[in-house]
Amino acid sequence: MSHAASVHSLWTIAAAEAPKKIPAPHIEYAQLSPTLIVLGAALVGVLVEAFLPRRARYHAQVALAALAMAAAFAAVVVLAAGGYASDKAHIAAMGAVAVDGPALFLQGTVLLVGLVAVFTFAERRLDPAAHGRPVDSFAAQAAAVPGGESERKAVRAGLTTTEVFPVLLFAVGGMLVFPAANDLLTLFIALEVFSLPLYVLCALARRQRLLSQESAVKYFLLGAFSSAFLLFGVALLYGYAGTVTYAGIADVVSGTVRSVDPALAATMGNDALLLIGGAMVLMGLLFKVGAVPFHMWTPDVYQGAPTPVTGFMAAATKVAAFGALLRLLYVVLPGMRWDWRPVMWGVAIVTMLVGAVVAVTQTDVKRLLAYSSIAHAGFILAGVIAVTPDGVSSVLFYLGAYSFVTLGAFAVVTLVRDADGEATHLSKWAGLGRRSPLVAAVFAVFLLAFAGIPLTSGFAGKFAVFKAAAQGGAGPLVVVGVISSAIAAFFYVRVIVLMFFSEPKADGPTVAVPSPLTSTAIAIGVAVTLVLGVAPQYFLDLAGQAGTFAR
């Protein structure tokens, strides 16, 4: 029998044995609707860029982005009210995505953060009008070489970059899937879907283009490294368990697996693969969270990126990454608690101390807030380490409270300006309280919330996290947390003293009058900060009800 004939006969045998039809995947569209709305709107936004005339794009994009976030948030609320956060919680989309309390809570938080971020992105009154046209914080033409002829032409023509809105929507779409991902491949794809838009957004500052592009390149290179670690960890965990689903890996870890694929029998249950793979996936997530020793990108990127992007990134990335971290540790690796807890103890202690101590030496407002966000990552890790239901709900509450304080603080930073754009050097903030008492007072509220002073959301969040950690047997961690909170309080209060008790300089910066968009963003930040500080109980209960993972 010739070679071709033998191959042909193999084909016919295979075709005869094949099942008659390929089973279609079963997708629960209604339960995935928040993500689908946001990603659908992002695709529409790309079409708007292509087909609408330039002068109509800005209003169309802003309206589209805001509507998409609001509609997706409404979908989250409907799902939570329909019981998907509690008794109907389950794994949807053929085991790829979980629809449960923590996922819905974090998705709602990310969507609200995204909605407020749209307001700060759309702000067009702060910069002086370029050639008679209002401009925003983003480069006139992203592809133009900084300082080159094409950039000058774009600025003269009064061009603005409206494609930041669909890019923002893609980032939010990835962040919605990330904390809900229920297998390691979905986790990795979601990570890439929200990281790549962020790399682009970081490079788009209108002023200080070179610093902005440098920050984007640093973020991209380090982010690519961390993605590679994560992916290698996924491969090792697959070799260990023979599956990438969270439940499947958890079964192998706890030793309750029923059937074994003979091809994988040799490596299954090899603890070295589990430990190294788990550590590598954790590294990828700790990078996104900004925990020490994976924190070096944070100050550079926060300083170089356009301030609206920094605010969005600081708030939303933390929410998504901590959600994924919680799910990994509580759903996949609870059986390895004795292995990962000591490591996470070390990471949390170093993160709290480094974030607080290094922040004391900073002279730039955005770098100061970056190190403060590193310290906050340490505080949240204390709640993660608790390994109790209270641990989950306290982390959820802290993330919700922290994200709005951060958004508000960076929105205030966009207002303080001199001839070169934003005045972020601390020396220029001297006497701001006399020149513009309202703006300084609002910033002081956010700084006090970061410091965890009572009657702000920061205090309620820290108290919940430390209480959960202490009950979970991590008492020493709480002591370190309180000490680093005290160190951190020093530099927050120092900024407040600088604003209110120093003489303003003659050539000091002015405070730009924002449009209603940024004013709304800041007002929402203040309102959430005070409400969660004065009456946190309802929201703590909400986070408590949302604290159980579907397995």
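**Close-up views of a predicted model**

View 1. Look next at strand S3 (residues 416-418), which runs antiparallel to S4 and is joined to S4 by two bridges. Asp-418 has Gly-421 in S4 as its bridge partner.

**View 2. A salt bridge links Arg-417 with Asp-127.** Here the two side chains meet at 3.1 Å, N to O. Arg-417 belongs to strand S3, while Asp-127 sits in the loop between H4 and helix H5 (149-156), so the pair ties together parts that are 290 residues apart in sequence. Are these two residues buried or exposed? Both Arg-417 and Asp-127 are buried. They also take part in a network of salt bridges that links Asp-127, Arg-207, Arg-417 and Glu-422. Across the whole structure, a search finds 13 salt bridges.

**View 3. Glu-503 and Arg-434 form another salt bridge.** Their closest N and O atoms are 2.7 Å apart. Glu-503 lies in the loop between helix H19 (475-501) and S5, and Arg-434 in helix H16 (residues 432-435), so this pair ties together parts that are 69 residues apart in sequence. Glu-503 counts as exposed, at 57% relative accessibility, whereas Arg-434 is partly exposed, with a relative accessible area of 44%.

View 4. Within helix H8 (residues 209-241), the side chains of Lys-218 and Glu-214 meet in a salt bridge of 2.8 Å, N to O. These residues are four apart in the helix, so about one helical turn separates them. Lys-218 is partly exposed at 30%, and Glu-214 is partly exposed at 38%. The surface patch is made of Leu-196, Val-217, Phe-220 and Leu-221, together with about 360 Å² of accessible area. H8 gives the most to this patch, with three residues. Leu-196 comes from helix H7 (residues 184-202) and is partly exposed, at 43% relative accessibility.

**View 5. Helix H6 is mostly covered.** Helix H6 (residues 164-177) has 14 residues and reaches 20 Å from its first C-alpha to its last. Twelve of its 14 residues are buried, among them Phe-165, Leu-168, Leu-169 and Met-175. What do the buried residues of H6 pack against? Their partners are helix H2 (33-51), helix H3 (54-84), helix H4 (101-121), H7 and helix H12 (307-332).

Conventions: Residues numbered from 1 in each chain as written. Predicted model: local features only at pLDDT ≥ 70, side-chain atom pairs only at ≥ 80, totals over all residues. Heavy atoms only, no water. Pairing = 2+ DSSP bridges. Patch = residues over 30% accessible without salt bridge, like charges linked within 9 Å, V, L, I, M, F, W, Y side chains within 5 Å. Areas by Shrake-Rupley, 256 points an atom, 1.4 Å probe, with all protein chains shown as cover. Salt bridge = Lys/Arg side-chain N within 4 Å of Asp/Glu carboxyl O. Buried < 20%, exposed > 50% of the residue type's maximum accessible area, 1.4 Å probe, protein only. Expected span 1.5 Å × (residues − 1). Contact = heavy atoms within 4.5 Å.
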